[in-house]
Amino acid sequence: MTRWAASSPKLRIALCHPDLGIGGAERLVVDAAMELKKRGHEVLIFTAHHDRQHCFEETLGGDLPVVVYGDFLPRSIFNRLHAVCAYIRCLYVAFCMVLFWHTFDVVFVDQVSAVIPVFRMKSSSKILFYCHFPDMLLAQHTTTLRKLYRKPLDWLEETTTGKADLVLVNSEFTASTPFFLSINRFERKKNIGLAISSFAAVRRELATVRVDEKCEIAASVDVRLVIAGGYDDRLAENREYLQELKTLVSDEGISGFVDFEPSCSTARKNELLASCIAVIYTPMKEHFGIVPLEAMGAAKPVIACNSGGPKESVEHSVTGFLCENSARSFASAMLVFFREPSRAELMGVAARKHVETKFSRTVFGENLNNYISELLISSRRSAKQGIEMSRI
């Protein structure tokens with residue numbers, strides 16, 4: 001059994017990574033290891049593959065030891081089953097760490113959460129899981145076969161992630177590329193072009209004004225617009241309108257900053273709601289509109305037209321903004337949230353509370369029950385009065 005050096009550093013830390021190449025994830029692992037070492041900790045990296053001809057130079061000189069287990073295991077089977085093979089390789093690394101090394105103070109697990117239960121075999125080790133982005137959200141689920149293939153892997157990832165003592169997430173994507181979200185069916189009456197024109201106005205404003213007295217906007221920050229919703233390729237209006245919107249994006253000069261996600265799944269919609277700054281709701285004279293409620297239920301403020309259903313569901317300046325049907329009005333509201341993220345968060349909290357108080361299923365049930373009870377009471381009262389009148 002391998003032993004640590006006789007010197008007594010602050011902590012004994014092991015980093016477990018699937019494949020130590022030269023990608024962004026590997027750069028993070030190496031940087032993390034170097035920073036921990038700089039602070040007096042004893043650090044080792046464990047991996048299933050480390051090519052000395054294709055790696056970061058910090059891992060070559062001996063200052064940052066790299067231990068390899070399981071490089072003989074396949075990365076794929078007939079160029080398929082990459083995820084399964086990656087899990088098997090990582091699990092092999094984890095078992096070797098548990099069997100051949102003394103207990104670590106901290107195990108830094110990167111990317112593959114399936115190994116966490118293995119490290120739990122040595123209960124004294126604290127486990128930190130660094131999640132770049134859930135694989136279950138990145139992986140394709142396009143066919144029935146792929147869905148069946150991914151189902152156990154997704155379950156394993158979701159279950160084991162929660163076994164860590166601490167989960168850190170890579171939030172650089174969210175911090176550097178915040179986005180506004182428009183959710184609607186791809187129909188002309190949904191007025192989605194307003195969201196595009198408003199976003200174009202926001203981009204123009206940010207391009208000319210980066211700093212004012214109250215706030216600073218880093219030039220590196222990249223704001224985007226995601227347009228998602230129901231789409232049926234069999235419907236001519238859906239096809240034509242989607243193309244019209246793409247043409248508008250091109251004409252506005254914002255092609256690199258707008259993403260279309262037609263026919264997005266419920267899971268994808270929920271993911272977008274969880275990550276966006278705010279939801280842009282553009283229909284005019286909508287009877288009610290479920291999207292604002294979904295957005296507020298996800299603790300996101302809503303920017304909507306001051307007409308129809310949103311006038312009832314959105315509290316102006318409390319849970320979002322009710323705007324004129326113009327790009328200038330919508331853009332002004334969007335800039336408020338972009339420049340003051342804390343305000344967006346506060347409004348999101350208020351939005352969630354607002355929905356729970358007035359529009360939850362429980363409230364709906366109570367109101368319905370009250371109406372029914374009142375209906376029966378009124379009917380009985382009317383019937384009684386009718387009897388009394390007949391007696392007269």
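In what order do the six strands of the open sheet lie? The order is β9-β8-β7-β10-β11-β12, with parallel pairing. This is a predicted model, where local features need pLDDT of at least 70, side-chain atom pairs count only at pLDDT 80 or more, and totals for chains, interfaces and linings use all residues. Residues are numbered from 1 along each chain as its sequence is written, and side-chain values use heavy atoms, with hydrogens and water left out.

**The sheet**
- Strands (E, at least two residues) and helices (H or I, at least four) are DSSP runs, numbered from the N terminus, and two strands pair if DSSP finds at least two bridges between them.
- At the edges sit β9 (258-262) and β12 (320-323), each pairing on one side only.
- On average, neighbouring strands of this sheet are turned by 20° against each other, direction ignored.
- Strands β7 (residues 179-183) and β10 (residues 279-281) run parallel and are joined by two bridges; here Leu181 stands opposite Val279 in β10.
- Helix α9 (residues 266-275) packs on the sheet and touches β7, β8 (224-229), β9 and β10, where contact means heavy atoms within 4.5 Å.
- The direction of α9 makes about 140° with that of β7; axes are lines fitted to C-alpha atoms, for helices over the stretch in contact, and angles run from 0 to 180 degrees between N-to-C directions.

**Two crossing helices**
- The axes of α12 (residues 327-339) and α13 (residues 341-358) come within 4 Å and cross at roughly 100°.
- The two helices α12 and α13 are therefore roughly perpendicular to each other (65 to 115 degrees; under 35 is roughly parallel, over 145 roughly antiparallel and the rest oblique).
- On the α12 side, Val336, Phe337, Phe338 and Arg339 meet Pro341, Arg343, Ala344 and Met347 in α13.
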